[in-house]
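Here is a short briefing on one protein model.

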Amino acid sequence: MKFGACINYEKALNSYPVETQFVEIAAWDFVNIEKEKLDRLKKAVEDGSFTTYSSNGLFPRDLRLTGDVDWNAVREYCNKTFYRMAELKVSVLVFGSGKAKHVPDGFPREKAWEQLYELADLMADIAKPLGQTVVVEPLRYEEVNIVNTFSEGAEYCRRVNRDNFKLLVDFYHFDANGEDFSTIVENKDLLYHTHIATPVNRTRPTTAAEWEFFEDCIKKLKSIGYDKALSFEGGAHETEQFNEMLSRMKKIYASLG
């Protein structure tokens with residue numbers, strides 16, 4: 001398993017954490033990025049000084065995905081953004097985007113699901129020739145009113161039934177929703193990417209209890225044979241903090257044999 005962190009690309013360019021095996025960037029940062037900045041990042045990726053793998057923040061909050069959806073705008077955005085991510089060698093696209101997919105009050109839930117199925121096919125079609133996999137991120141109930149639990153995400157993926165439309169577990173959201181690990185075991189064939197942060201504070205671990213949470217999550221992933229990537233997504237703002245945390249995470253995983 002490889003370990004990385006969600007970091008603003010400009011910060012990472014200036015102070016790249018040596019312990020990270022990849023950086024997860026925010027896709028929406030690149031919609032209107034200046035050419036000079038994009039070229040600088042592409043060069044860093046190409047020469048190996050900056051390693052990308054995944055992206056989060058797939059859709060901006062003002063691009064509606066349920067309710068009053070402008071499908072032409074959605075398709076145009078996906079074509080532009082997915083291609084730009086491919087230029088930066090991003091192969092995993094995290095689809096959380098709670099604000100964009102939040103079902104408007106009074107809008108029929110069944111219709112919202114039909115829109116999400118249509119969106120999934122659109123994303124999978126665009127991502128496929130680019131060698132990308134879209135992963136659904138269930139979010140805690142406080143952030144969105146659809147696709148909250150891992151089991152709900154699994155049902156979504158199975159209904160869509162595309163080989164590049166998979167599932168993510170974010171242990172912060174998973175814990176906040178009070179879910180049981182058995183749902184991950186039951187759907188481990190769909191698990192393609194993972195996020196982690198401390199419960200409650202959503203930051204890096206600083207206490208023994210918080211490190212126990214991280215260790216337990218890593219052990220559980222190991223127990224089901226998961227060996228792809230674990231990305232830290234939370235508050236850890238200094239490079240030294242990232243390095244210390246990621247180094248310890250790697251040591252925990254290595255100690256499991």
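Two strands pair if DSSP finds at least two bridges between them. Helices (H or I, at least four residues) and strands (E, at least two) are DSSP runs, numbered from the N terminus. By that rule, strand E4 (residues 92-95) pairs with E5 in the parallel sense, over four bridges.

This is a predicted model: local features need pLDDT of at least 70, side-chain atom pairs count only at pLDDT 80 or more, and totals for chains, interfaces and linings use all residues. Residues are numbered from 1 along each chain as its sequence is written, and side-chain values use heavy atoms, with hydrogens and water left out.

- Strand E5 covers residues 133-136. Thr-133 and Val-135 lie on one side, Val-134 and Val-136 on the other, and all are buried. Buried means under 20% relative accessible area, exposed means over 50%, and partly exposed is in between (1.4 Å probe, protein chains only).
- Phe-95 has Val-136 as its bridge partner in E5.
- E5 also pairs with strand E6 (residues 165-170), in the parallel sense and over three bridges. Here Val-134 has Phe-165 in E6 as its bridge partner.
- From E5 the chain crosses through helix H6 (residues 150-160) to E6, and this β-α-β crossover is right-handed. A crossover is right-handed if, with the strands pointing away from the viewer, the path from the first strand over the helix to the second runs clockwise.

**Strand E8 and its partners**

- Strand E8 spans residues 229-232. Ala-229 and Ser-231 point one way, Leu-230 and Phe-232 the other way, and all are buried.
- E8 runs parallel to strand E1 (residues 2-6), and four bridges join them. Phe-3 stands opposite Leu-230.
- E8 also runs parallel to strand E7 (residues 191-196), and three bridges join them. Thr-194 stands opposite Leu-230.
- Helix H9 (residues 208-223) carries the chain from E7 to E8, in a right-handed β-α-β crossover.

**Glu-24, a buried charge**

- Glu-24 sits in strand E2 (residues 22-26).
- Which side chain of opposite charge is nearest to Glu-24? That is Arg-202, 9.2 Å away. Lys and Arg count as positive and Asp and Glu as negative, while His and the chain ends are not counted.
- Glu-24 is buried yet has no salt bridge. A salt bridge is a side-chain nitrogen of Lys or Arg within 4 Å of a carboxyl oxygen of Asp or Glu.
- The side chain of Glu-24 does make a polar contact with the side chain of Asn-56, at 3.3 Å. A polar contact is a pair of N or O atoms within 3.5 Å; within protein, one must be able to donate a hydrogen and the other to accept it, and residues adjacent in sequence count only if both atoms are side-chain atoms.
- Beyond its neighbours within four places in sequence, Glu-24 is in contact (heavy atoms within 4.5 Å) with residues including Cys-6, His-193, His-195 and Ser-231.

**Two residues with positive phi**

- Val-200 lies in the loop between E7 and H9. Its phi is near 70°, a positive value in a residue other than glycine. Val-200 is exposed, with a relative accessible area of 74%.
- Arg-202 also has its place in the loop between E7 and H9. Its phi is near 55°, again positive in a residue other than glycine. Arg-202 is partly exposed, because its relative accessible area is 25%.

- Tyr-16 lies in the loop between helix H1 (9-14) and E2. At 22% relative accessibility, Tyr-16 counts as partly exposed.
- The side chain of Tyr-16 reaches the backbone nitrogen of Thr-51 at 3.2 Å.
- Tyr-16 and Phe-50 are 34 residues apart along the chain, and their C-alpha atoms are separated by 7.4 Å.
- Thr-66 is in the loop between strand E3 (52-56) and helix H3 (71-87). Is Thr-66 buried or exposed? Thr-66 is buried, with a relative accessible area of 0%.
- The side chain of Thr-66 makes a polar contact with the side chain of Arg-64 (2.9 Å). It also reaches the backbone oxygen of Lys-101 at 3.1 Å.
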